Every structure is written in C-alpha cells, then in structure tokens.
Amino acid sequence: LDGSSKGMSQDSQHGKWTISSSDDDNDEALPPSGTATSGSRQPTESSHSSYRSSAAKNKLNPVKYETSPSLAGKRKKVASDSTGWALSDSDEDDGEVKGKSLSDLPKKAPPNPKTKKPKVESERPPSPHGRLYYIDEPDDFFESCLPPLNDTYRFYLNKVTGLEKKYNSGALHIRDILSPLFGTLKESVQFNYCFDIAWMVKQYPSEFRDRPVLIVHGDKREAKARLIQQAQPFPHVRFCQAKLDIAFGTHHTKMMLLWYEEGFRVIILTSNLIRADWYQKTQGMWMSPLYPRLPKESSASAGESPTFFKRDLLEYLASYRAPELEEWIQRIKEHDLSETRVYLVGSTPGRYVGSDMERWGHLRLRKLLYEHTNPIPGEERWPVIGQFSSIGSMGLDKSKWLAGEFQRTLTTLGKSSLRPDPPMHLLYPSVEDVRMSLEGYPAGGSLPYSIQTAQKQLWLHSYFHRWKAEATGRSHAMPHIKTYMRASPDFSQLAWFLVTSANLSKAAWGALEKNNTQMMVRSYELGVLYLPSAFVRATYYLMCTNMMDVSLQGMKTFSVDKNPFPVSPWIWNIPYSQAPDTHGNIWVPS
C-alpha cells in the first residue's frame, strides 16, 4: 500500500491511446475497440471460462531477454520451457476480449489450415514460468505446530515463498489451513474460480486426502469438460455448477466449508486453487472460529451471531439453488456460529427490486455501513481506499458508476444525510511494480486490465496509487488480495475494512438500472466486513492488525511518495520489451 499518485497521460511508451466513441454503459454485447492485439475474438457467453482455458490452447510464455547487441531491435528468443499456464481471474464485464495469450517466439511458418489441431491436454501447468520455475519451500515453511493466530480479527495473509522467515510468521498456506491441527476433517467444499484439481488434492494431508470434496464452480461447456477430466483420477471429488444466467458473469467466490469431527469452519479468501496463487502473490483470508455442534432439539434461531452471519451464509448458499449444497445448509443449521464478529457481504447473479436490492453487492455494503457505523467529525478528509487485481469497464466518465453509486456506498458512515466527497485512492500495481516483482512480468497475467478497457477510461488513472507493503515484505509479491476501507487522514485509524473476492467492476458489485429501481449483479462474490461496533472491547475504529501487517502504529509508517511524474498502470495485453524483469524476461503478447 502506498500513497504515491499514478496519474496517466494519453501519451505513453506504448504510443498514443485513442478513446472509443462507443458508450460502454451497455455491458451486454460490446465489441472490442481501440488497438487490439492480434488474436482478438468476439466474446462468447463462456468467455470468462475460456479466458482461463485458453492457456491450454495457446502457449503463454514470458520471452527471454538477451543482452547481446546483435539482438537489438529484434525479437527475443523463447524461454526454455514452453508449457502453457492457467491465468488467474478477470473481471471485465463489458463483453470485451477476456483472454490474451503470448505465443512462441520467434514465430514459425503459419500452419496449414487443413492440418488438424492437436487435442488439448486436460492438465494445465501451474506457472507462466514453466514447470521448472517453482523452488521447494524450506522444511519449516509449513507449520508443524499451530501457528500464532489472531483470535480477535482472524484475518491472515498467505505465506510467500522467498521472503525472510519473519514475514511469514503468522501467515497461512493452504496446507496449514487443511492440516489436522485445525480439526479432523470429514468433508469439505471448495468454492472457487480457477482450479488445478491434482494440486488441490495434494494440499490435503495424506490422512484426509480421500475425504469427500465438493467443487463449486462456474465453468461451462469445454471448460467444464476439462475440469471434470482433471478430476477423473480422484473419485472422491464431486462437482456443483453454479448457475450463471447473466452474460459475462463469473463464479468468483472463494470459500472453503470444512466439516470436522470436532465441528465446522468457514474460510473466506482471495486465492484460486492453483499453485501460482499460493506461491509469490499477496493474498488474504478470514478464518472462522471452530464452530461447535448445537445441542439436539435446538431452536431454528440458535447459534446466530450478533452480525447475523449464520442467516446470511445460509441465504447465500440458498441462492445457488443447488441440490448438492442442501446437506451443507443443514449442517450449518446444526452448528453454533455465535462467535462470529464479521458481516457477510456477497454478490449473486440476478436483477433485484424493492428490498431485495440491498441483499447483494455494493448496496448490501451500503446498508451495513448505514446501520452499523456513525458519522465522524471531519470525515470529508477520511479517504476511501480500494485495492484489487482486476478492473472492469466503468463508463466514459467517472459519474457513470464509480463516482456515482459506488462512491456513495463507500462514503456512507451512519445515518448522516451529508454526503461529503472525500478522496478516493485506488491501489493497483504499475508496470514497474510488475517488472520488479518476485514473479516478474508473468505476475501481470493475474492483473487483467486490458488496453481496450483502459483506453476508454483514462479518467480512472488519476485515482491510481502504487502497491507497496513494506511492513510485511510483500512489496514485490503482487496483490491478488482485494480490500476496501475508510481510513483517517493520517492512516492511523480505520472506520471499516472489507476483504473480498470482488474486484473493481460492475459485474462484481452490481449496477443500478431503470432509474435506480433495479440492481443488476452478474457474478458470485463473497467477502467479510469488519465493523468496530461488532467487536467487544475493540476501540471505536477497527485496528486491522494483519492487513499488510498493519496496526494503528503500522499504518503511520506508510511512506507517501510525492513524485509527480505519471506512472503507467499495468496493462496485460500490450508489450513490455524495453527492460527485462527480475527473471530476465520481456512481455510480448501475440
């Protein structure tokens, strides 16, 4: 996190951008505009899933940088391992091109159109660097005893390979979460967007590896077939397909339901179930307490928390209308969730009217902030901070959505009728942040902001601030975490804090329609909201002790870079060939 401003001019090292004259308020069927790279295609209903699966059809590789002068101005040769990889999640909601790929360079002769394409293998390699990229974690990387836990806020970062040991203290890897130290697992559900089934199964300890697992996903057609094929060697893995009835929606929720002999636990997180997401990226999660089983004959309202978390979780699960989740709904009803101190903020696809408009998306967040926070003196100086890993289309000017309905939600504090216009800081990695990251340019494959979208909303770039997380050593671990908060002017206090799967997009948060009488949401999302009023013995403003390892004291130490020069935000489908990244690669989309 950093306060260094990233203004964006229309002229950049990639040439002059032109703004399309098309109005992108209509998210349903927009063609790509601007200077699309080769290989652009008209999106289909399943373009979000094909975005991930395109890795199986197209080689995605960083290109090796050569320092030899003889190669000046020429294409650089391909990295030695040419295997493909699975990209992480995208949130573009306007029907633009979702999947761009890097092809093998130098280019070979064009294939004979009559030649049959080889069959796509079901296995997806886990890294853009190729199979040989990952290094083995040290023996003490995974906990052999219960890690130090933050029992008050239950917010954790993921472990990052390659950091000093102190920066991983108190952080959790998926192997830690699933270890016997947290309970004797009987069954589990994995809600997610992107899966590597074989890798996921290996993360369960050997004694739990054959316990039933239900996968809740949003894949359709070919992507669904590939997912099912991945699971063929694992008869204990079953599937539940989430209904996605509105175009360009995704099943983006990331949640684990863990049923133990000792009770039940919920994990709401930001990581996909692929190794790249648990390796050198910054992720976050909320881990519930161990919920005990209620006594038999308990009333229907038993086990509810002050935040009505149980009711809201059951309502969220019911929204899937899936028979496969019925037994889990019943199990939750039989457990005591009263110790929960966070509020659930979810999105489910649909068009909502009346009181249902406040059930999901940003209007759900607005309702909670209205009912459970209070106005603050001088709040017009308290900035709203949003931090995310993907950006959707938000219109030709800020009033279309961001500075209109969404900002009104984020600036709500209690029942005050005043609507001050505080600063809004949007944290998103720059090109230099990606280049110098632990992963190098391939980290940008999980930051899918396209040139087609960016060139139509240049106004957005004046909001940008660079990613920095010095307190936890994660400045070079590119963020896949998504957080939103309201901070004091000196960043020493937080009025509220949200960790969620929802990126900066109308698809994730919903958008008002029909003269503000209807809310339309495209995607499934899930997050937890921390409000000071929900924590017994907490100070009025929530101390988010583990968010970037930030306490009240830690937030005062954030450096604010006053440099006025413009810094380019990362755009994932244009070339970066002027300078190599930390692995000696350049980035050349096809």
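The largest nonpolar core has 104 residues, of which Leu402, Leu460 and Trp496 touch the most other members. Such a core is a set of buried Ala, Val, Leu, Ile, Met, Phe, Trp, Tyr and Cys residues joined through side-chain atoms within 4.5 Å, where buried means under 20% relative accessible area (1.4 Å probe, protein chains only). Strand β17 (residues 494–500) gives this core its largest share, six residues; strands (E, at least two residues) and helices (H or I, at least four) are DSSP runs, numbered from the N terminus. Apart from this core lies another, of 30 residues, including Phe195 and Phe239.

This is a predicted model, in which local features need pLDDT of at least 70 and side-chain atom pairs count only at pLDDT 80 or more, while totals for chains, interfaces and linings use all residues. Residues are numbered from 1 along each chain as its sequence is written, and side-chain values use heavy atoms, with hydrogens and water left out.

Phe406 is buried, with a relative accessible area of 1%. Not counting residues up to four places away in sequence, Phe406 touches His362, Trp401, Tyr484, Leu504 and Trp509 (contact means heavy atoms within 4.5 Å).

Turning to the strands, an open antiparallel sheet has three of them in the order β12-β19-β18, with pairing that requires at least two DSSP bridges between two strands. β12 (350–353) and β18 (511–513) each have a single partner strand, so one side of each is left without a neighbour in the sheet. Four bridges join β12 to β19 (residues 518–521), and Arg351 stands opposite Met520 in β19.

Definitions and conventions. Buried < 20%, exposed > 50% of the residue type's maximum accessible area, 1.4 Å probe, protein only.
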